[in-house]
Amino acid sequence: MAAATAAVAMTVLAIVAQDHVALRAAPASGAAAHAQLWQGELLEIRGRHAGQLQVYNHRLERAGYIRESEARIVGTTEADAPPLLAVLRFLRDTPGAESLGIAYAAAYLNAAPAESITAEPFDAVGVMAERLARGATLRRGKADAISAHMDVAAQYGVKFVSYTGNGATGLGDAVQLCYDGVAFRHVLAMDGTAGSAKATPEQRARAVLALTHHECIDPALSPSARKAVDQQRADLLDGIGAADSTQLEAPLRDRLRLRRAGLWATIAFDKSRFQEPPQVAALRAVDELAAVDRAALAEEDRAEYNEAAVRVGAVRWAAANAVAPLGRLQIQLQPNESGQTCVRLIDRWAKSPSTLAERCTYGTVWAASVKAMPEGHALALTVQPLDGWSELWVWHEEADGWKLDVLAPEAGGPGLGYVEWAGWSPAKRGKLLIVREAISEGRITRSFEVLRADTLTTEKTAREPQQLAAFGLWADAGWRQETLSLR
């Protein structure tokens, strides 16, 4: 980054201090403007004329004039470093001033002696670049200003990557912009060895969180490449050990736990796709989520808490031991040569157990989730086709035979969400109790529903289970104890 501001000795530099600054052809307010400058632009000053600065913009390769009040002259000597750092500290946490802050960070790194540089300026650059990418993704502010600020940041070596169609973000097909994380990697590299400064636990924790975002994983990765990336993210998160964690404030510790919970849920799913035991990873996900003090979460962390809960909810059956259901119905799983798993619905009460129905899937079948209706007229099973997205398969007996319906978390998926069985009511025309939870366009939806077991038509739905009498009468005790939907 220092190279971006290198200049010939005695060259005077200035940083544009505001947006929409006209670069004019002459030192007069009425002169023609042949470029528009944005905060953070680096200029070389070549003269002064009646309150105007004669400047040259190397990025645009254009010369011209701007008012003196529209720019700030920055020094490049060691004595200039402390005031530059002071301005950087102010801009670091000022929304909307990211490109200006990144410019001051570059100026500071250019002026400060190498031996005096700590992790602070790199941490600040990372924080501002990440905030700029997030604002661009969520379209906070005017699109032209955001785009221009990103171009200015690129002048100092700050790079962004974009991904499209990453449904696992809960943002649908919106373009996801991410900072590439170079500054945060500098922070992690500053470990105190070889005479270098050592990053604080807080700086390291922020860097790890920034480098492990779920939404900043390329959706085009192959399963094996994605598995490797997920393991790298887990290693980064586990690099913040117990000793460092004790030095962190509670909100930052909880953010690490939430990130670990969501990531270990992903790892459990990764393992299931490679026929590896997923239980340990799923248990880790559940434990990390349970360790979060939800009541103490800051308002800005509640969205990540809900996301982590949905991710863990989609995979929670991986943490359970499979138990053969009692009664008439059970399932048998049979691997298929094409990589699918075939699920057979078996009638155990027949003289020779017979297959009532069969369905194959490329998704992960969570055998521990099997819930058969005691009267033998229906069976529910959780199947997870994608990371963070699980569906409920329900076989139910109709007059002309057995029918399978697949219940999805929401109609607009796939994205982040799960459907889970919550109980049966007795009798042939009994009820099926389910809960759906999903994140769509950044918002969480949760519904508790009562369905007819024979047709799966929805009879009642509510946002809370207390609003449905059937949940008070027939909700399964085990479900109440283990579900995340009642958090």
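Which residue follows H9, and is its phi positive or negative? In this predicted model, H9 is followed by glutamine 275, with a positive phi near 55°.

## Helix H9

H9 comprises 24 residues. From the first C-alpha to the last, the helix reaches 35 Å, close to the 34 Å expected at 1.5 Å a residue. With buried taken as under 20% relative accessible area, 17 of the 24 residues of H9 are buried, so the helix is largely enclosed by the rest of the structure.

## The second largest pocket

The second largest pocket has a volume of about 410 Å³. Its lining consists of 17 residues, of which Ser272, Gln275, Thr341, Gly363 and Thr364 are the closest to the centre. By class, eight of the lining residues are nonpolar, seven polar and two charged.

Helix H9 (250–273) supplies at least two residues of this lining, as do strand E10 (329–335) and strand E13 (364–372). The greatest contribution comes from E13, with four residues.

## The three-stranded sheet

Three strands, in the order E10-E11-E12, form an open sheet with antiparallel pairing. E10 and strand E12 (354–361) are the edge strands, each pairing on one side only. From one strand to the next, the twist averages 25°.

Seven bridges join strand E11 (residues 341–347) to E12 in the antiparallel sense. Arginine 344 stands opposite glutamate 358 in E12.

Note on methods: Residues numbered from 1 in each chain as written. Predicted model: local features only at pLDDT ≥ 70, side-chain atom pairs only at ≥ 80, totals over all residues. Heavy atoms only, no water. 1 Å grid on protein atoms, 1.4 Å probe; cavity = no way out; pocket = protein on both sides within 12 Å on 5 of 7 lines; lining within 4 Å. Points joined across faces, edges and corners; volume = space filled by probe spheres on them. Nonpolar A, V, L, I, M, F, W, Y, C, P; charged D, E, K, R; others polar. Expected span 1.5 Å × (residues − 1). Buried < 20%, exposed > 50% of the residue type's maximum accessible area, 1.4 Å probe, protein only. Pairing = 2+ DSSP bridges. Axes fitted to C-alpha atoms, helices over the stretch in contact; angles between N-to-C directions.
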